[in-house]
Amino acid sequence: MKLTLIKPTIGRQEHSLYIDEGRMEPLMLGVLAGLTPDDVDVVMHDDRMENIPYDDPTDLVAITVETYTARRAYEIAAEYRLRGVKVVLGGIHVSLLPEEAMQHADSIFTGDAETRWAEMIEDARRHRLKPRYDSPVGIGQINHCGHRVLPRREIYQGKGYLPMSLMQFSRGCRFACKFCAVTQYFGRRAYLRQIDEIVREIEQQQRKFIFFVDDNIASDQKALTELCHALTPMKVNWISQASLDVTKNRPLMSLMQKSGCWGNVMGFESINPLSLKDAKKSPNIKDFAHYVEEISVLREHGMQTWAAFTLGYDHDTIESIEQTVEFALKNRFAFAAYNILMPYPNTPLYTQLQQQGRLLYDQQWWLHPEYRFNQAAFTPKLMTAQQLTDACHEARSSFNSLPSIIRRFSDIRMTLQSLSRMATFWRYTLLFRKEVHKKHQMKFGLK
């Protein structure tokens, strides 16, 4: 039996195919390959940088679907089904909207793959694929027999991914931010892998720079402390995503630094406390003082912070978005993201905007032929949707301008700690600068 795994792209630019130069290993597909029995031939195609060979013989195609890639994923599924090949769709979008996904596949997989993936493969082998496999969420990389599973990283070879290894320590997050699909998927829980599994996985791969793709690696601070103790003697460098409340734990911050942490993507979300309350961003609301203490702690421990902002709350204006950029430049964050508030399906935010009649694009922006990447998908309170779209694009352009980059690079404490950090800063800053303009207004799907 042959299994084909597919990572879809978002779509295309108006006049050319989009090639994602910032692509990282699709960890989830490596895990699926690891869960697959050894006698199954597994290949992987990454739609972000290569043409999919639809006519190559295969017995089953499995496509991972995110909300941003749903339209393209359905296009790919249709091509294979026209050729008589069975298609199974999985991923967080499928779990959020299973009825939608079922219209585009022979089978869907909801929840985490670990407990029922082997069953699905066996059913496909015997030509009795079920229309739906519902699996619980839980601890990653433990199969249905309780055995530990490592990703099959050989499927990444020759794909030109960024030079870092993606791994996961935990899945989920204990917080309940209104806009977050992760909360809906994992139900405000964090599921932890055993630390000796992490050590083993690091030892069995080549790179020493690791991106833990955890939704919030600091969701369980006791567990993170234990992980840092295990990482310290391994002499690795690592980054992840973490909530700002970790800065209140000074001993843990010191331990993270000692263990090789260079910094984290951190959800500042807004500099307006009213917006934070709207978002139910609980780790940021308590004792809010414009992040003075949190940023001081990050600087003290030399963290190259990627500050993530979400813009478009009911209290946001064009002026407040400009102030957010000024805030990021003043604090010379190594990187920053200015994301438009997105109503992901079946989140509390989506339901609220739907009830208020504020959703645009027929309430299905991820499938609508007129929607373009980085456009507002709802009507804001204090500006138009187009004004929000333009203000966020200007924010990204301003933060990634050459004067801004030079200003941030000159921060001795945060950037000039080593040659490797300096090189990393320039590599990714220039890449992000290019991507800001390449991806803006990109069409979803290729058709």
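Contact is taken here to mean heavy atoms within 4.5 Å. Helices (H or I, at least four residues) and strands (E, at least two) are DSSP runs, numbered from the N terminus. The structure is a predicted model, in which local features need pLDDT of at least 70 and side-chain atom pairs count only at pLDDT 80 or more, while totals for chains, interfaces and linings use all residues. Residues are numbered from 1 along each chain as its sequence is written, and side-chain values use heavy atoms, with hydrogens and water left out.

The chain contains 17 helices and 16 strands. Its radius of gyration, taken over C-alpha atoms, is 22 Å, close to the 22 Å given for 447 residues by the globule rule, so the chain is as compact as a globular protein of that length. The rule in question is 2.2 Å times the number of residues to the power 0.38. Along the principal axes, the C-alpha atoms occupy a box of roughly 60 × 55 × 35 Å. Of the contacts with a separation of 6 or more, 74% are between residues 24 or more positions apart.

Accessible areas were computed by the Shrake-Rupley method with a 1.4 Å probe, and for residues only the protein chains shown count as cover. The chain exposes about 18700 Å², of which carbon and sulfur atoms supply 52%. Residues are classed as buried under 20% relative accessible area, exposed over 50% and partly exposed in between (1.4 Å probe, protein chains only). By this criterion, 57% of the 447 residues are buried. For charges, Lys and Arg count as positive and Asp and Glu as negative, with His and the chain ends not counted; each charge is placed at NZ of Lys, CZ of Arg, CG of Asp or CD of Glu. The mean positions of the 56 positive and 52 negative charges lie 3 Å apart.

In soluble globular proteins, nonpolar side chains tend to be buried together. A nonpolar core is defined as a set of buried Ala, Val, Leu, Ile, Met, Phe, Trp, Tyr and Cys residues joined through side-chain atoms within 4.5 Å. The largest such core has 94 residues, and those with the most contacts inside it are Ile63, Leu89, Leu224, Trp238, Met256, Phe268 and Phe309. Apart from this core lies another, of 39 residues, including Val31, Leu35, Val42 and Phe425. When residues up to four places away in sequence are not counted, Met256 touches Leu224, Cys228, Trp238, Val246, Cys261, Asn264 and Met303.

Helix H1 (residues 27–35) is largely enclosed by the rest of the structure, because seven of its nine residues are buried. These are Leu27, Leu29, Gly30, Val31, Leu32, Ala33 and Leu35. Their cover includes strands E1 (2–7), E3 (41–46), E4 (60–64) and E8 (165–167), together with helix H5 (117–125).

Val94, in helix H3 (residues 92–96), is buried at 0% relative accessibility. Beyond its neighbours within four places in sequence, Val94 is in contact with Val65, Leu89, Ala101, Ile108, Phe109 and Thr110. Its C-alpha atom is separated by 31 Å from that of Phe209, 115 residues apart along the chain. Glu269, in strand E13 (residues 261–269), is also buried, with a relative accessible area of 6%. With neighbours within four places in sequence left aside, Glu269 contacts Phe179, Leu276, Lys281, Ala308, Phe309, Thr310 and Tyr313.

Several loop residues were also examined. Asn331, in the loop between helix H13 (318–330) and strand E15 (335–340), is buried with a relative accessible area of 17%. Pro233 lies between helix H8 (221–231) and strand E12 (237–242), in a loop, and is exposed at 59% relative accessibility. The C-alpha atoms of Pro233 and Lys258, 25 residues apart in sequence, are 9.5 Å apart in space.

His290 is not a glycine but has a positive phi of about 60 degrees. This residue belongs to the loop between helix H11 (282–285) and helix H12 (292–300) and is partly exposed, at a relative accessible area of 48%. Asp362, likewise not a glycine, has a positive phi of about 55 degrees. Asp362 lies in the loop between helix H14 (348–355) and helix H15 (385–399), where it is exposed with a relative accessible area of 63%.
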